[in-house]
Amino acid sequence: MNPAGNEKIDQIFNAVYKEAERRRSEFREDPVPKIHIGMATCGIASGALETQKAFQEALDEYNIEARIHTVGCLGHCYAEPVVIIDHPDSGFPPIFYHEVNAGKAKMLTKLFLKEGDPRFEHVYGAMEENDLIPSVMEFARFNREKRVVMEKCGYIDPEDIYDYIAEGGYSTLVKALKLNPYEIIKEVQNSGLRGRGGAGFPTGRKWELAKGSGEQEKIVICNADEGDPGAYMDRTILESNPHQVIEGMAICAYAVGAKKAIIYVRAEYPLAVNIVTKAIRQATELGLLGKSVLGSSFDLEIDVFRGSGAFVCGEETALIRSIEGYRGMPRHRPPYPVQKGLWNQSTVINNVKTLASVSPILDHGADWYREIGTENTPGTAIFSVVGNVVHAGLVEIPMGVSLRTLIFDICGGIPDNKKFKAVQIGGPSGGCLNEDFLDTPIDFDSLTEAGAMMGSGGMVVMDEDTCMVEVSRYFLDFTQNESCGKCTFCRIGTYHLLKILERLTKGEGQDGDLELLETLSKDIKVGSLCGLGKTAPNPVLTSIKYFRDEYEAHIYEKRCPALMCRPMIAFYFDLDLCARGCDACATCCPVEAVFTTSNRKKGVDQELCVKCGECIVACPPEYDAVRKVSPPDRVPHIEKPPEKEKEE
Amino acid sequence: MPKFLVDNKEIQAKQGTILLKACLDNEIYIPNLCYLEGIDPPSVSCRMCFVKIEGERQPVPSCTVTVKDDMVVKTDTPAVRQLQRTALRLLLSVHHVDCKNCQANKKCELQRMAKFLKVGLKPKGLERHLREIEIDRSHPFLDYYPNRCVLCGKCIHVCREKNGQSALTFSKRGFDTVISFYGVKDLSTFECENCNACIDICPVGALILKESKEEFLK
Ligand SMILES: Cc1cc2nc3c(=O)[nH]c(=O)nc-3n(C[C@H](O)[C@H](O)[C@H](O)COP(=O)(O)O)c2cc1C
Ligand code: SF4
Ligand code: SF4
Ligand code: SF4
Ligand code: SF4
Ligand code: FES
Ligand code: FES
């Protein structure tokens, strides 16, 4: 099979692995403290660069020797910037600290690194079991997760290939190169892996189709376009552990017979682009990519293509058009990319998470993978959970976990004692599910059955103050903007949906709107050319299905039950609660709509009020006197004293 | 040569023929706007030419299917008509219907489809959304009417066929998509004066020869 012979592959790789191990033990055995700082986009956005600088300066100032190790993202958004301090001499285990800003960094350097006091009030948890500090593994946010794709994310330095290799990285590629390509495809098929880009197509089947399409060279594309608003799993994986994706691509390329592969990343992800580019260079330098990989007869060149950032370019045929240099517009399938893809060559397109699952599968075997998740969807799901939820961030869980477990146990439920209202899954293509679905197991099939979609893994949790009509409007505004305009249903149909929803949220709904939304939605789903149009009505259809009364209230009573749509609400102050003489609301009101009544309480001049809600925030909690009502005519009349009195 | 049934009529067509074309050649009308022989891949998808093919769950656009032996096709099932009517209503909802003053009057594809599908030219139910610009006069010989254009893309294609590159192109995207002459730096390299291919192919009255040019040619 390999002219170079298996021993040669092992020999070359062993030399690389030895070097990785040497570097790691040198790092590990260095007795000085280690400071691991999460430096993916999320961390940097929360100030991780300043944190790093502050540590550096403090170490210099106190003359402490320590090593700063920049790592990717652990997935704990709510806690960024995240720092793990490993200070063996202190007698404490490695400790997880959250929200470490520059000040905290300086303080920890002085008190913990210098004086050995870990400052218990700032400790989030220990990274391993011990007698002194509760371990983070006691929290559901940690122990209910199952990490396959993100296993090494947040622990290794994404910019240092040796970090990955020391953790076992690229050994699966070595294993794969010694197998027959058909054996690899068989193993992936047996694992039941389904594409994580949204549709859940069986990955092994896709590879088999490509392999079977003829002898000519194939192309492998990694889809990292990730255009869903609020979704950032793929970016985070590329920023935290690019090599696991690259290794998956290499195995795929070897299995299907490709010498060329492309990672399609959106240009708005500059850090991901840089890290991936660097990773490819490092892998090529070590002979893991390029001509004659590890001395075998397999060549592979991987390029990074920077996409222009249109949502529709994530659709595989549009993505191919855009690499070919045309407007990124989808085309009719069949032919599918495996039949006729980039430059008319057979092309395998897989999502980042799909490809990142490949190496663990080959490493541990298909049976191991099947043990995780459900019968029809083995493996894990990665969600970016955002919205009204306590522990927002990236979560990797086994498929089949219920929405309730994910939202309430793992992510800590709804903040501020509010009630859960809905969860939107699958972004602009997905649907809004209500409470009745909390016990739905998460996998491709049951979510689709419920009218939502796995999508690529965006999840927005919404509390009782969210208006479902407004949520639909938001998503339609997005899809309408992203429609490429090629086909009639999507181009004009979604525009009508948006305009109707805009009217509803302005209190201008009419008889018949609800029915029109439904029939138009159904036709758009069937009539559109690509997945964007075919799924765009999902947010509308599901929210009408599960929250019909809210639509009816908007249309027939001009009332927004969640008190969110501004044109349909009014503010007033409850005179029984309003404190005589308090001026908090009046001072904060940007338009001077607050007046003082004759008995020195407050009223709102409805003509002036712009419904900004500032007064709610300003009113001291012990009074909590600001009230919202809908429709606006339900606001009680409060007498405004004649103007001249005020002037006195 | 594949033999197949369309609306119970037996048809034969060469291997590789597009179903829509085979039907049209055999006097079976299927509403269509964007299909032109030789566009591959088409840059537009009007979604008018749906048919029902036995074995397929949902209607498919007949311009995306090549004929096959023994396929059974129906062109007028309720599901097909529902989609075609909605598509046409959508097109008309962004159309400035003013046939009296339009050069395409009586030879317009929209009129033909409306009659065929029994949809009024000013359908009720959908609000009308017109673009602000009524006429784009930026081309030296042509005027373009965005509120008449159905974005079928045929003008772009024929221009490219005749001149090697196209003086017309799509610009913007989504609902705002229009045909524009933007990006064509030097129109004099195009033989617009003697060509008119785009005007001739336009299924509606969206491209019109400037009066000044008619005068100029006289
Ligand atoms: C509008 C639209 C946007 C899409 N965006 C993405 C995306 O950002 N990332 C992705 O992997 N797949 C996306 N897809 C799905 C791809 O077309 C394709 O199915 C996927 O990349 C296949 O990979 P998989 O088999 O690993 O899931 C999108 C599909 C549509 C219709
Ligand atoms: S469905 Fe929308 S995005 Fe897809 S081809 Fe049609 S117009 Fe373009
Ligand atoms: S909602 Fe805003 S504008 Fe209205 S009274 Fe309160 S602070 Fe003033
Ligand atoms: S394009 Fe057709 S439908 Fe439109 S105004 Fe002209 S004739 Fe009438
Ligand atoms: S101008 Fe005419 S031919 Fe060109 S896209 Fe519009 S309708 Fe089609
Ligand atoms: S913690 Fe990294 S994405 Fe949030
Ligand atoms: S003629 Fe078939 S989609 Fe336009």
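# Two ligand shells and one interface

Me: How is the shell around ligand 5 made up by class?

Reply: The shell around ligand 5 has twelve nonpolar residues, one polar and no charged ones. Nonpolar here covers Ala, Val, Leu, Ile, Met, Phe, Trp, Tyr, Cys and Pro; charged covers Asp, Glu, Lys and Arg; the others, Gly among them, are polar. This is a predicted model, where local features need pLDDT of at least 70 and side-chain atom pairs pLDDT 80 or more, while totals for chains, interfaces and linings use all residues. Residues are numbered from 1 along each chain, chains are lettered from A and ligands numbered from 1 as written, and side-chain values use heavy atoms, without hydrogens and water.

Me: Which residues are closest to ligand 5?

Reply: Cys149(B), Cys152(B), Gly153(B), Cys155(B) and Cys202(B) are the closest of the 13 around ligand 5. A residue counts as near with a heavy atom within 4 Å.

Me: How do I read the size of the interface between chain A and chain B?

Reply: Interface size is often given as the accessible area lost when the parts come together. Chain A and chain B bury about 2,700 Å² (1.4 Å probe, summed over both). Carbon and sulfur atoms give 61% of that area. In chain A, Phe489(A), Arg491(A) and His496(A) lose the most, together 20% of what that side buries.

Me: How many residues does each chain put into the contact?

Reply: Chain A gives 31 residues and chain B gives 33, with contact meaning heavy atoms within 4.5 Å.

Me: How many salt bridges link the chains?

Reply: Two salt bridges link chain A and chain B. Each needs a Lys or Arg side-chain nitrogen within 4 Å of an Asp or Glu carboxyl oxygen. Glu482(A) pairs with Arg173(B) in a salt bridge, the closest N and O atoms being 3.3 Å apart.

Me: Which helices of chain A supply the side that touches chain B?

Reply: H18 (468-482), H19 (488-505) and H20 (513-527) of chain A each supply at least two residues. Helices are DSSP runs (H or I, at least four residues), numbered from the N terminus. H19(A) gives the largest share, nine residues.

Technical notes. Buried area is the accessible area (1.4 Å probe) that two parts lose on being put together, summed over both.
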